[in-house]
Amino acid sequence: MPVLVKGVVVSPFQSNCYLVVCPTTREAIVVDPGDEAPRILEMIDAHGVTVKAIVATHGHLDHVLAVSPLKAATGAPFLMPEGDWELAAHAHEMAGFYGWQADPVPSPDAFLHEGDTVAVGALTLSVLSVPGHTPDHIALYLSEPPGHLFCGDVLFAGSVGRTDLPGGDWATLQRSLQRLMALPDETIVYPGHGPKTTIGRERMTNPFLAR
């Protein structure tokens, strides 16, 4: 039975929050809970799963501001890249500049680094270091065919992550993108914003990739 991936669009920035479910055990992880915790919890309840981890691909506010209520509701540990924790720690303050009220992001239960894995039931997702949009951005890759990549704000359908925010770097982002382009063409890409795509489609058509 294939992995189940469900998503909900949250926050004023229209961020994608994903629920990744092991079909065998009905255990799940939540990826990038950016806001609107009640809607994310509705998605969790609708699929009758047990959340085993909450993962942020990076520290920007629109990917972490629902962590606190989700952690309180599920008891699941919060995991994120260590070098982005400073961004996440101040995310609720940044939200205030937009008139957006949010609880502080709780301290991570563990940090994720290149080569780590996140297990959910019978599934194992690999942690890939893909900085450039932020200093320590990560992606989660499930290699089971056809492959599933949860890449946050590194790669989008027809576009790539911006690098004009503090900690962004265009040359670093291009190196990370080339790493992702080495994945199989059929890999399904679940970006932080916008529709899903595939590695093959982006390799062929994305105008922002270095050729």
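I started at arginine 179, which counts as partly exposed because its relative accessibility is 33%. The model is predicted, so I read every value below as computed from it.

**Salt bridges**

What does arginine 179 pair with? I found it in a salt bridge with glutamate 114, with the closest N and O atoms 2.7 Å apart. The pair links distant parts of the chain. Glutamate 114 sits in the loop between S6 and strand S7 (117–120), and arginine 179 sits in helix H5 (residues 170–181), 65 residues apart. Glutamate 114 is partly exposed as well, at 43% relative accessible area.

I then asked how many salt bridges the structure holds. The count is five. I followed up two others.

Aspartate 109 meets lysine 71 through their side chains, at 2.7 Å from N to O. Aspartate 109 lies in the loop between H4 and strand S6 (110–112) and lysine 71 in helix H2 (residues 67–74), so this bridge ties together parts 38 residues apart in sequence. Aspartate 109 is partly exposed at 46%. Lysine 71 is partly exposed at 23% relative accessibility.

Arginine 162 forms a salt bridge with aspartate 164, again with 2.7 Å between the closest N and O atoms. Is aspartate 164 buried or exposed? Its relative accessibility is 57%, so it counts as exposed. Arginine 162 is partly exposed, at 47%.

Next I looked up the largest pocket. It holds about 460 Å³ of space. Helix H3 (85–89) and helix H4 (91–97) are the elements that give two or more residues to its lining. I noted 20 lining residues, with His60, Leu61, Asp62, Tyr98 and Leu165 nearest the centre. By class, ten are nonpolar, six polar and four charged.

**Cavity**

I found one cavity of 30 Å³ or more. The largest cavity has a volume of about 30 Å³. S2, strand S10 (148–152) and strand S13 (188–191) each give two or more residues to its lining. Which element gives the most? S10 does, with three residues. Among the lining residues I listed Asn16, Tyr18, Phe150, Cys151 and Gly152. The lining has six nonpolar, four polar and one charged residues.

**Surface patch**

Last, I checked the surface. Phe13, Met94, Phe97 and Tyr98 form a nonpolar patch with about 470 Å² of accessible area together. Tyr98 is also one of the residues nearest the centre of the largest pocket. Phenylalanine 13 is in the loop between strand S1 (4–10) and strand S2 (15–21). It counts as partly exposed, at 31% relative accessibility.

Key:
Residues are numbered from 1 along each chain as its sequence is written. This is a predicted model: local features need pLDDT of at least 70, side-chain atom pairs count only at pLDDT 80 or more; totals for chains, interfaces and linings use all residues. Side-chain values use heavy atoms; hydrogens and water are left out. On a 1 Å grid over the protein atoms alone, a cavity is a set of points where a 1.4 Å probe fits but cannot get out, and a pocket is an open set with protein on both sides within 12 Å along at least five of seven lines; lining residues have an atom within 4 Å of a point. Grid points are joined across faces, edges and corners, and a volume is the space filled by probe spheres set on the points. Helices (H or I, at least four residues) and strands (E, at least two) are DSSP runs, numbered from the N terminus. Ala, Val, Leu, Ile, Met, Phe, Trp, Tyr, Cys and Pro count as nonpolar, Asp, Glu, Lys and Arg as charged, and the others, Gly among them, as polar. Patches are made of residues with over 30% relative accessible area and no salt bridge: like charges are joined within 9 Å, nonpolar side chains (Val, Leu, Ile, Met, Phe, Trp, Tyr) within 5 Å. Accessible areas come from the Shrake-Rupley method with a 1.4 Å probe; for residues, only the protein chains shown count as cover. A salt bridge is a side-chain nitrogen of Lys or Arg within 4 Å of a carboxyl oxygen of Asp or Glu. Buried means under 20% relative accessible area, exposed over 50%, partly exposed in between (1.4 Å probe, protein chains only).
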